[in-house]
Amino acid sequence: MFWVAVDSPTSILGAAMTYDLVVAGAGPGGSAAAAVAAKAGLRVLLIERASFPRDKVCGDAISGKSVDVLSELGLTGHVAASETIDSWGVLFGSPSGAEVEIPFCGDRQAAEAPGYICRREVFDEIVARRAVELGAELREETVVEGLLLEGSSVRGVRLSGGQIARAPIVIGADGAYSAVARALGFSQLDERHYYAGVRAYFRGVEGFRGRNFLELHFLDESIPGYFWIFPMADGRANVGMGTLSSRIKREDVRLKPLLQSVMESTRFRDRFQRAERVGRIRGWGMPLGSAVRTMAGGGWMLVGDAASLIDPFTGEGIGNAMVSGSLSADWAVRAHERRDFSADCLQGYQRDVHRVLGGELRLSDTLRRMESWRWLLNTVIRKASTNPEVAAAISSMYDDLSARKQLTSPLFYLKLLAGRKPAA
């Protein structure tokens, strides 16, 4: 662990900077936390180890949950006007090759798209700059090297260059390899609850359908996990594959060669025949929200990937990062109002995360476990591809969590196999 005991602001390496809140990591979760807290009047330091614009390995899909937070920050129009495209749904592909398009919402005539696809190099900077506009101080090319500890509580961070930033609350939003989480003694690499993924950009991928649907293909090569193809604004496609780390270790899977072999397979080779890769294939880790983790304690909170909040079924991380970032900022404001930065107070943040995201994460984990039933995936996607009522029932589940619970009910599948319409 990287703890530094501090008795006074000047006890180590000279004078310390003092803030109301320090946020480590200027990705969507950290920048959302910094923006919401700064908007509420807190003095916020936002730390980013790289400098903008910078890439982040990701699928680049911006979900409805993200859009809600963007709207709160006044950024929806800004994102829509940037290098982005609207996305109206997802195409699911089964192991047998059946495909079905599922809209994100039932209202096909809606004026605004329910989601976007935007390169993280563009999106992350938009959100971070908004935090600065609202009053946060952004410090780029700065690394968190340790935490400051007073008693059993975190009271700031030790930074590269010998600097110290003191604050009664530190938010760790520094991703799947979080320095804050490591310093707290937490390991994010649990192979049962961790995806490894690879991603590359391509030009010239063919065969996309209308309305920029995301494509998630559940293949024998990827289960548990999937192969994805996402269209992008500049004529590129975001292409990648993710699978469970325990499977990678057990079967000695090599993801980069596997990705290449899938693109060259009979099923996809026509779409990639004229495609040209842009840049290299990059890999990264995805800590899943399928296990209960500690997200808060005395003087600290974790958000997004640092809190292991990636959706276990879809692999989405941006939406949960922004939601948890916004919630963490709300609790930072409450803690200052109460002058209470204890674990008892900040545990309210963890309860709110479980209240808002917990049910969805549990359902997604159940669906992930059901991926291994290939015959069921084949049946559901084949039925939905030929029966508009079944497709509509599945579509409704994007807007309604109670409707989505049907996907984990045996009765849903019994009705489906019997040829009856599942209740929407």
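## Strands S16 and S17

Strands S16 and S17 run antiparallel and are joined by three bridges. Within this pairing, Leu216 has Trp228 of S17 as its bridge partner. The model described here is a predicted one.

Strand S17, which spans residues 225-231, is mostly covered, since seven of its seven residues are buried. Both of its faces are covered. Gly225, Phe227, Ile229 and Pro231 are buried on one side, and Tyr226, Trp228 and Phe230 are buried on the other.

## The hairpin of S17 and S18

Strand S17 also pairs with strand S18 (residues 236-244), in the antiparallel sense and over seven bridges. In this pairing, Tyr226 has Gly242 of S18 as its bridge partner. The two strands form a hairpin with four residues between them, and Gly235 takes a positive phi near 85° in this hairpin.

## Strand S7 and its partners

Strand S7 (residues 89-93) is largely enclosed by the rest of the structure, because five of its five residues are buried. On one side these are Gly89, Leu91 and Gly93, and on the other Val90 and Phe92, so that both faces of S7 are covered. Strand S7 pairs with strand S8 (residues 99-103) as well, through five bridges in the antiparallel sense. Gly93 has Glu99 of S8 as its bridge partner. In the hairpin that S7 and S8 form, five residues lie between the strands, and Gly97 takes a positive phi near 110°.

## The open sheet of S5, S9 and S6

Another group of three strands forms an open sheet in the order S5-S9-S6, with antiparallel pairing. Strand S5 (61-62) and strand S6 (84-87) stand at the edges and have a single partner strand each, so one side of each is left without a neighbour in the sheet.

The pairing of S5 with strand S9 (residues 115-118) consists of two bridges, and the strands run antiparallel. Ile62 has Tyr116 of S9 as its bridge partner.

## Packing of helices H2 and H9

Two packed helices are described by the angle between their axes and the distance between the axes. For helix H2 (residues 64-72) and helix H9 (residues 318-338), the axes come within 7 Å and cross at roughly 40°. H2 is therefore oblique to H9. The crossing of these two helices is left-handed.

On the H2 side, the contact is made by Lys65, Ser66, Val69, Leu70 and Glu72, and on the H9 side by Ile318, Gly319, Asn320, Met322, Val323 and Ser326. By class, the residues of this contact are five nonpolar, four polar and two charged.

## Packing of helices H9 and H10

Helix H9 also packs with helix H10 (residues 343-370), at an angle of about 155° and with the axes 9 Å apart. Because angles over 145 degrees count as roughly antiparallel, H9 and H10 are therefore described as roughly antiparallel to each other. Their crossing is right-handed.

In this contact, H9 contributes Asn320, Val323, Ser324, Leu327, Ser328, Trp331, Arg334, Ala335 and Arg338. These meet Cys345, Leu346, Gly348, Tyr349, Asp352, Val353, Val356, Leu357 and Leu361 of H10. The contact of H9 with H10 has eleven nonpolar, four polar and three charged residues. Asn320 and Val323 of H9 take part in the contact with H2 and in the contact with H10.

Methods: Residues numbered from 1 in each chain as written. Predicted model: local features only at pLDDT ≥ 70, side-chain atom pairs only at ≥ 80, totals over all residues. Heavy atoms only, no water. Buried < 20%, exposed > 50% of the residue type's maximum accessible area, 1.4 Å probe, protein only. Pairing = 2+ DSSP bridges. Axes fitted to C-alpha atoms, helices over the stretch in contact; angles between N-to-C directions. Parallel < 35°, antiparallel > 145°, perpendicular 65-115°, else oblique. Left-handed = near helix turned anticlockwise from the far one by under 90°. Contact = heavy atoms within 4.5 Å. Nonpolar A, V, L, I, M, F, W, Y, C, P; charged D, E, K, R; others polar.
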